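Let's take a friendly walk through this protein's rings, sheets and charged pairs. Please keep the sequence and the model open beside you as you read.

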Amino acid sequence: MLISMNWINDFVDLSGLDIPALIQRFTLSTAEVEDVYEMGRDLRGVVAGKILSVENHPDSKKLHLLKVDGGDKIYDVVCGAPNVREGLIVPFVKEGGMVGGQEISMAVLAGYESHGMCCSEKELGISADHSGLMELPDDTPVGRDMTELYGIIDTVFEVDNKSLTNRPDLWGHYGIAREFAALSGRELKPLETVSLEQFDELDPIDIEVEDKELCYRYTGLKVRNITKKVSPVDMRIRLFYCGSRAINLLADLTNYLMLEMGQPMHAFDCAKVDSIRVKRFDAPFTFTTLDGTERKVDENTLMICTKSGNGLEDTPVAVAGIMGGLDSEIEDDTDSLLLESANFDAASVRKSSTRLGLRTDASMRYEKTLDPEMTVPAIGRFMKLLLDIDTGAQVISRLTDVYVKRYPQVELSFDKAYVDRYTGIEIEDKRIIETLLSLGFGAKQEGDRFTVQVPSWRATKDVTIKADIIEEITRIYGYDNFEIKTTVSPLYPQRKSVQNKADNFVKDLLVQTYKLHEVHSYIWQDARKCKILGIEPEENVKLINAQTPDHEIIRRSMGPTLLSVLQENRAFSADFGVFEIGRVAEGLNGDGLADEHKKLGIALFSRTEGEKELYMRLIGMVKALLRSVKRVEPELANCEPRFKWQHPRNTAVIMAGGESLGWVCTLTPSVLRNIDRKAAIVCGELDMDAFAGLTAGELGYKEPSRFPGIDIDLSVVLPEGMRFADMEPAWEGAGHLTGVSLIDSFQQAGRRSLTLRFGFSSTEKTLSKEEVQPIVDGIVEKLGAAGAVLRS
């Protein structure tokens, strides 16, 4: 947001003060200033000049030969502006002067000498209008410096909007001026307004607020006999310096008031809008806004309407708090208006703005929860400015004010000890009272106790508790004035929970050992990304305030999220894996709250490994996690897939301690093709809450053998239904056996075949194959008894 110091000076006398230092103080105490611009200081020798004569250039259809009175002498000037004429008074840069940072010297144009330059508003840097010369009033003193005639020289600073999010009172120059008054110790001048009570005898406007949940206050006034169409130069300059463009007097006044007071206003053509209805519609419809764009308005968007000619239904004329309609705009011939000054629900304006894809200066202010008490003073201020410009304008209605919702008055009490304890310094009682009064708070002191009434413009969201008052006192006192002291206090290490320890251990293992990449995602199931994968989003808990329909369903699984990550990054590497510990929701609990779970999701991608090898690698990771963190040996068994995108045969459940912890799977061919036709992809999920709750096994220590071991591979064919865990009794207690690992798994003639690797070693000597063979034969015999026979 751009702030003009000339404008601030209307309300606070800052003469004699160091303006750059004051702006720096504003940064330290109130809001971050991003940049400071010195406007108009690149002008020199620019005066009001009068065109005495105009001759057509003999060799050009566009150029004219002028005689211009610069106040000190007559200048010969060559000019190509279309609106030159005798008697016109314009901004004139004398020879040797400067405009736009460029010095004007004598130049020969089309064979004629030009000893100066007549300027447009754009060339002066006070607007974007370059259609012709700037035309000054006929009574403008010739030879008078332009910077003396108008507020061209100004200091404008830009405030970071993010730092004003919690301060709706600072979205206008008057609120900023209040801060400068407090910082400088100067008086804040009251706003000059017209007394609106004088119109109480007139007829009211037909205003009805049907939607009392979204419209807090709606105030209106009718005015006619408006003859002036163009805003004063100083008003146009301020609007331009603050990022707005001049349109016509009435539109400029509403923009000017918004920038001055922070209160958005809208002027309807009274010939088109005679009454007001504030409502929502039952069905969506299209509406053309002032920018000429046709927009789809849904049933949740608050609209400003007027009675149609037939009196049967209401005609929309504006989107409440955002933008007016094209059919009711102020035009050049408009001579009467219905002035709106209203207050709307902040969340409603924000949501409607997002749905429509239309964010305006008005909506940005309403989103911050404006003070509804501003609507009436804003109309009084509007009328003061209008009547100063157009003295013949007439008010033709009483002020009609429909006040639906009032914010409660906030009163806070605290003692001096509270201030001292929170600030850590001694601030005089007098200074506390003076600071609060300068910021508009009502403050009184009885003994050591202070009672503070929070003004309405700070009570909508900003100042609600005693600590907020301390902030007001200390920031105006100046944080840079605090004496720096080193605090002495004990620091205790934060003990991590079991769940936190498990999470960190899992992350370290997956990154350091398996070289996976951790990702972070949102909790919803992205419908657009699911469509790319060919995965249909499952019905689940929904967000009622989702910004887009694609982000309204909470995910049931980490799988689609991580598969989307694989799809988006597949071009960057032939082999990679990602993981995330995130949240999912599995419907609702009995109490109506989301059944939320913390899950570890893993997804692997490879163009160099087959699907079988990748699947076995994922199983190895899962087993390593359980062994390393909980010292538990997991079991895996085929199961029915929970989701349609899981392969119906290659999906396994992870079991430990008799409890299901998660699953691993490959993908259905259609989903796999949508990600990458030439790659292998597997994914898995682990319930981290259940994982952290597992009872850890005893930590045992075994001295490694100094002698080399021997490995024996056995390929066995399993009967239907037999699992790896069912074979474990065959080698339990086998001598010198140090471990059994699964090397391969495949189907043969409809039967499943496994290749197992048995490791043997001794702490006393190097084992020979002859010593190990009897042990292996015993294992084979037990396996045969269980139904698993050696593959021939």
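Ring pairs link Phe414, Tyr418, Tyr422 and Phe450 into a cluster. Here, rings of Phe, Tyr and Trp (its six-membered ring) pair if their centres lie within 6.5 Å, with planes under 30 degrees apart counting as stacked, over 60 as edge-to-face and the rest as tilted.

Before going on, a word on the source: this is a predicted model, in which local features need pLDDT of at least 70 and side-chain atom pairs count only at pLDDT 80 or more, while totals for chains, interfaces and linings use all residues. Residues are numbered from 1 along each chain as its sequence is written, and side-chain values use heavy atoms, with hydrogens and water left out.

**Rings and charges**

By the ring rule, the count comes to 21 aromatic pairs. In one of them, Trp7 and Tyr256 are stacked, at 4.4 Å centre to centre and with 25° between the planes. This pair links distant parts of the chain, with Trp7 in helix α1 (residues 5–9) and Tyr256 in helix α7 (residues 249–261), 249 residues apart. Helices (H or I, at least four residues) and strands (E, at least two) are DSSP runs, numbered from the N terminus. Trp7 is buried at a relative accessible area of 0%, and Tyr256 is buried as well, at 7%. Buried means under 20% relative accessible area, exposed over 50%, and partly exposed in between (1.4 Å probe, protein chains only).

How are the rings of Phe344 and Tyr366 arranged? Their centres are 5.2 Å apart and their planes stand at 65°, so this pair is edge-to-face. Phe344 belongs to strand β21 (residues 337–344) and Tyr366 to helix α9 (residues 361–366), so the pair ties together parts that are 22 residues apart in sequence. Phe344 is buried, with a relative accessible area of 3%, and Tyr366 is buried at 2%.

The charged end of Arg178 sits over the ring of Trp457, 4.1 Å from its centre, and that of Arg406 sits over the ring of Tyr403, 3.9 Å from its centre. A charge sits over a ring if NZ of Lys or CZ of Arg is within 6 Å of the ring centre and within 35 degrees of the ring normal.

Eight of its eight residues are buried, so β21 is largely enclosed by the rest of the structure. In a regular strand the side chains alternate between the two faces of the sheet. On one side of β21 are Leu337, Leu339, Ser341 and Asn343, and on the other Leu338, Glu340, Ala342 and Phe344, all buried, which leaves both faces covered.

Strand β13 (residues 215–224) runs antiparallel to β21 and is joined to it by eight bridges; two strands pair if DSSP finds at least two bridges between them. Arg217 has Asn343 as its bridge partner in β21. Strand β14 (residues 265–269) is also antiparallel to β21, with five bridges, and there Asp269 is partnered by Leu337.

**The seven-stranded sheet**

Seven strands form an open sheet of mixed pairing, in the order β27-β28-β29-β33-β32-β31-β30. At the edges stand β27 (517–518) and β30 (635–638), each with a single partner strand, so one side of each is left without a neighbour in the sheet. Strands β28 (residues 575–588) and β29 (residues 594–606) run antiparallel and are joined by 12 bridges. Within this pairing, Gly577 has Leu604 in β29 as its bridge partner.

**Salt bridges**

Side chains of opposite charge can pair when their charged atoms come close. A salt bridge is a side-chain nitrogen of Lys or Arg within 4 Å of a carboxyl oxygen of Asp or Glu, and by this rule the count comes to 51 salt bridges. Three of them are set out here.

| Salt bridge | N to O distance |
|---|---|
| Glu103 and Arg44 | 3.6 Å |
| Asp388 and Lys384 | 2.5 Å |
| Glu586 and Lys599 | 3.5 Å |

Glu586 lies in β28 and Lys599 in β29, so their pair ties together parts that are 13 residues apart in sequence. Glu586 is partly exposed at 21% relative accessible area, whereas Lys599 is buried at 7%. Finally, salt bridges that share partners join Arg167, Asp169, Glu179, Arg458, Asp462, Glu472 and Arg475 into one network.
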